[in-house]
Amino acid sequence: TNTVGMRGAATDSTSIRFWAGASYADRATALFRVTAAGALVASSATITGSVTATSGAIGGWNFTSTTLYALSSGTPSASPNNGIVLTSGATSSVVIYEGTAERVRFGNLSAGIFGLRGFATDGSTVIFEFSDTRQVIGGWNFTDKVLRTGASDAASNVLIDSANSLIRLGPTAGSTITIDGANQRM
């Protein structure tokens with residue numbers, strides 16, 4: 001009844017070799033068609049099992065062999081603008097852009113350092129970071145009990161210590177003002 005078609009001769013790699021569907025009479029617009037090079041067009045497909053693809057789009061998201069992204073313009077490597085980029089591999093990360101500025105990154109932050117980092121509107125000033133190497137928010141370093149200006153308690157000009165109920169102004173190597181709540185003294 002001529003509802004499917006198969007053509008043995010191909011003029012080039014884009015020649016349609018198999019076709020079927022509502023418009024079966026015209027192999028170029030058939031709902032299902034396969035070219036001599038193996039390119040498949042199927043307007044309604046249910047595929048089970050493993051699927052491997054290295055580029056394309058699905059559900060409004062574009063993808064390459066290592067990246068899944070949804071941007072209002074640009075690509076992950078060229079002027080990304082307003083959107084999200086997810087990369088895979090050793091440097092896996094998720095990056096959120098506001099305009100062309102990177103605003104949030106989590107996963108791989110830099111060579112072997114993983115965590116969460118937030119940026120100011122300029123896209124480069126770090127507002128907060130929680131990583132293998134740093135815990136900082138608004139320029140303050142912190143632990144589970146201490147908020148301080150320096151990388152260590154001793155190197156900090158301002159230290160707030162919740163475990164010991166004290167506030168210290170000035171570095172430990174110089175003159176300081178300490179408010180010691182536990183011992184009720186200044």
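Patches here are made of residues with over 30% relative accessible area and no salt bridge, with like charges joined within 9 Å and nonpolar side chains (Val, Leu, Ile, Met, Phe, Trp, Tyr) within 5 Å. One such nonpolar surface patch covers about 790 Å². This is a predicted model, where local features need pLDDT of at least 70, side-chain atom pairs count only at pLDDT 80 or more, and totals for chains, interfaces and linings use all residues. Residues are numbered from 1 along each chain as its sequence is written, and side-chain values use heavy atoms, with hydrogens and water left out.

**The nonpolar patch**

- The patch is built from F130, I137, L147, I160, I167, L169, I177, I179 and M186; areas come from the Shrake-Rupley method with a 1.4 Å probe, and for residues only the protein chains shown count as cover.
- Strand 17 and strand 18 each put at least two residues into the patch (strands are DSSP runs of E, at least two residues, numbered from the N terminus).
- F130 sits in strand 12, residues 126–131.
- F130 counts as partly exposed because its relative accessibility is 33% (buried is under 20% relative accessible area, exposed is over 50%, and partly exposed is in between, with a 1.4 Å probe and protein chains only).

**The loop at S175**

- S175 is in the loop between strand 17 (166–169) and strand 18 (177–180).
- With 73% relative accessibility, S175 is exposed.
- Setting aside residues up to four places away in sequence, S175 touches L169 and G170 (contact means heavy atoms within 4.5 Å).

- Strand 7 (residues 67–75) runs antiparallel to strand 8 (residues 78–87), with seven bridges in the pairing (two strands pair if DSSP finds at least two bridges between them).
- Within this stretch, L68 faces L86 of strand 8, and a hairpin of two residues links strand 7 to strand 8.
- Strand 8 also pairs with strand 9 (residues 93–98), again in the antiparallel sense, over five bridges.
- T87 has S93 of strand 9 as its bridge partner.

**The largest nonpolar core**

- Five residues form the largest nonpolar core: Y69, L71, V85, V95 and Y97 (a core is a set of buried Ala, Val, Leu, Ile, Met, Phe, Trp, Tyr and Cys residues joined through side-chain atoms within 4.5 Å).
- Strand 7 and strand 9 each give at least two residues to this core.
- Beyond its neighbours within four places in sequence, Y69 has contacts that include W61, F63, P76, I84 and V85.

**Salt bridges**

- There are seven salt bridges, counted when a side-chain nitrogen of Lys or Arg is within 4 Å of a carboxyl oxygen of Asp or Glu.
- E129 and R117 form one of them, at 2.8 Å from N to O.
- E129 is in strand 12 and R117 in strand 11 (residues 113–119), so this pair ties together parts twelve residues apart in sequence.
- Both E129 and R117 are buried, and the relative accessible area of E129 is 1%.
- E129 also bridges to R134, with the closest N and O atoms 3.5 Å apart; R134 is partly exposed at 36% relative accessibility.
- D144 and K145 form a salt bridge at 3.1 Å, N to O; D144 is exposed at 68%, while K145 is partly exposed at 43%.
- Shared partners link R117, E129 and R134 into one salt-bridge network.

Conventions:
Helix = DSSP H or I, 4+ residues; strand = E, 2+ residues; numbered from the N terminus.
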